Amino acid sequence: MDIHILKSSIANRQSSITITGSKSESNRLLLLQALYPQIRIENLSNSDDSLLMQKALTSNAEVIDIHHAGTAMRFLTAYFSIQNNQEVVLTGSSRMKERPIKILVDALRDLGADISYLENEGFPPLKIKGKKLSKSKVTLKANVSSQYISALLLIASRLENGIELTLDGKITSIPYIKMTLSLLDELGIKSEFKSNKISVQAHVSSDKSQTLVVESDWSSASYFYSIVALSELNTEITLTSYKKDSLQGDSVLAEIYKEFGVATKFKDNSIALTKSSNIDSQLSIDLDLSNAPDIAQTIAVTAFGLGLECYMSGLHTLKIKETDRLVALKIELEKLGAEVEITDATLHLKPSSIINSDVSIATYKDHRMAMAFAPLGLRTSLTIKDADVVSKSYPDFWNHLKSLGFNLK
Ligand SMILES: O=C(O)C1=C[C@@H](OP(=O)(O)O)[C@@H](O)[C@H](O)C1
Ligand SMILES: C=C(OP(=O)(O)O)C(=O)O
């Protein structure tokens, strides 16, 4: 399904949108609930990835296909490694079979796990024979994906002696590791994170039921930051349910989008985003996004829509996500008239005042390509190819855009 966006404007200058729970928090809590069944979860994400995670954790199937869900692939690899007497094949989409998992598999094998590769060494699909893991100390590379580290931390409290990780290299996507440890803490599972060492203690659960409420998804909120940034002065969109002390690193959006003239007000359980000032076209944005890689596409497109120069670093993880996001951004932004230079970890968008119209944006099976480019519909008419990809993280996306007044065909 392609969606044509006719040049639109926000119909109501004061709109409200409810976004469901964070995909990252939901996928962690679902795994923890499988280990500690007394946990109750509220405001779960309705994303495909979280539904797949939920299904996989309750499945008796011999082959589990998690499609494009990277966190699910990594977290479930750790989970099934400790499911005594259960044997599963964990597989995914063709892209999933290109997303590396060796660092995690090696770490689990060092702890005693029985995992083998069914196709290419270092990549899914995996055959996992669950067993009791007796070791607790392991060293792994930390500069490729934090998901490997979170996967180990999530099962750690169910190992006999907990876990002691030594992290090698510059740690990437740190807020996601801290999110994992914070959720463990909410369940009473003790951990320590000091320089390049993380330890988690073994934990015996009580039977007392405990309810955890997932904060709504900040990565999904990024598209509304972009929409407000590209809107007329005083446009306001309220998003529910968010809080100031977020576990999600992408909440840095509130700071970053000040540069694009967007003010964030926290009130009760929501945030009001307001276009509070116009931007000087000479402005140049310079950001290190190693702590918030998922909002890089949104920011690049906002900067382009406003004609600004934008330099982003810390993007090394983008190459192994749903697609090579650096290459995809360069190709699609250049179709619209941008000039973009990329390296393996940076993107430089030159300032430009033209936006080509009626361009067809390819999405590369990447939800964030579709959602990042959609706000440009406030500046020009464009087509988003295969627009249903958004369901990976945000199935309500297009309906929410319609409710704002976007003219979608
Ligand atoms: O742990 C998580 O929930 C995630 C960690 C990040 O991955 P990397 O650590 O691979 O950057 C992020 O990009 C992904 O969308 C979700
Ligand atoms: C990278 C992402 O997800 P995952 O790695 O879980 O597929 C994402 O949602 O942008």
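Asp-358 counts as exposed because 9 C-beta neighbours lie inside 10 Å; a residue is called buried if 20 or more other C-beta atoms lie within 10 Å of its own, exposed if 12 or fewer, and partly exposed in between, with C-beta atoms placed from the backbone. The model is predicted: local features need pLDDT of at least 70 and side-chain atom pairs count only at pLDDT 80 or more, while totals for chains, interfaces and linings use all residues. Residues are numbered from 1 along each chain as its sequence is written, and chains are lettered from A and ligands numbered from 1 in the order in which they are written.

Asp-358 is placed in the loop between strand S19 (347–349) and strand S20 (359–361). Helices (H or I, at least four residues) and strands (E, at least two) are DSSP runs, numbered from the N terminus. The phi angle of Asp-358 is near 55°, a positive value in a residue other than glycine. Asn-43, also not a glycine, has a positive phi near 60°. Asn-43 is found in the loop between strand S3 (39–42) and helix H2 (48–57), and it counts as buried because it has 20 C-beta neighbours inside 10 Å. Most residues other than glycine have a negative phi, and most peptide bonds are trans.

| Peptide bond | Omega | Loop position |
|---|---|---|
| Pro-124 to Pro-125 | near 0° | Pro-125 between S6 and S7 |
| Thr-240 to Ser-241 | about -5° | Ser-241 between strand S13 (236–240) and helix H8 (253–256) |

## Strand pairing around S7

Strand S7 (residues 126–129) has a covered face, formed by Leu-126 and Ile-128, and an uncovered one, formed by Lys-127 and Lys-129. In a regular strand the side chains alternate between the two faces of the sheet.

S7 pairs with strand S5 (residues 87–91) in the antiparallel sense over 4 bridges; two strands pair if DSSP finds at least two bridges between them. In this pairing, Glu-87 stands opposite Lys-129 of S7. Strand S6 (residues 114–117) also runs antiparallel to S7, and 4 bridges join them. Here Ile-115 has Ile-128 of S7 as its bridge partner.

Strand S10 (residues 191–194) is antiparallel to S11, with 4 bridges in the pairing. Glu-192 is opposite Ser-199 of S11. The two strands form a hairpin with 2 residues between them, and Ser-195 in the turn has a positive phi of about 40°.

His-203 is partly exposed, since 19 other C-beta atoms lie within 10 Å. When residues up to four places away in sequence are not counted, His-203 touches Ser-157 and Ile-189; residues are in contact if their C-beta atoms, placed from the backbone, lie within 7 Å. The C-alpha atoms of His-203 and Lys-190 are 8.0 Å apart, and these residues are 13 apart in sequence.

An open sheet of 4 strands has the order S2-S13-S15-S14, with mixed pairing. Its edge strands, each pairing on one side only, are strand S2 (14–18) and strand S14 (262–267). From one strand to the next the twist averages 20°. S2 and S13 are parallel and share 5 bridges, with Thr-18 opposite Thr-240 of S13.

Helix H7 (residues 218–229) lies across S2, S13, S14 and strand S15 (270–275), and runs at about 25° to S15. Axes are lines fitted to C-alpha atoms, for helices over the stretch in contact, and angles run from 0 to 180 degrees between N-to-C directions.

## Packing of H3 against H5

The axes of helix H3 (residues 70–81) and helix H5 (residues 146–156) come within 8 Å and cross at roughly 40°. H3 is therefore oblique to H5; angles under 35 degrees count as roughly parallel, over 145 as roughly antiparallel, 65 to 115 as roughly perpendicular and the rest as oblique.

The contact involves Gly-70, Thr-71, Arg-74, Phe-75, Thr-77, Ala-78 and Tyr-79 of H3, together with Gln-147, Tyr-148, Ala-151, Leu-152, Leu-154 and Ile-155 of H5. These residues comprise 8 nonpolar, 4 polar and 1 charged; Ala, Val, Leu, Ile, Met, Phe, Trp, Tyr, Cys and Pro count as nonpolar, Asp, Glu, Lys and Arg as charged, and the others, Gly among them, as polar.

Notes: Contact = placed C-beta atoms within 7 Å.
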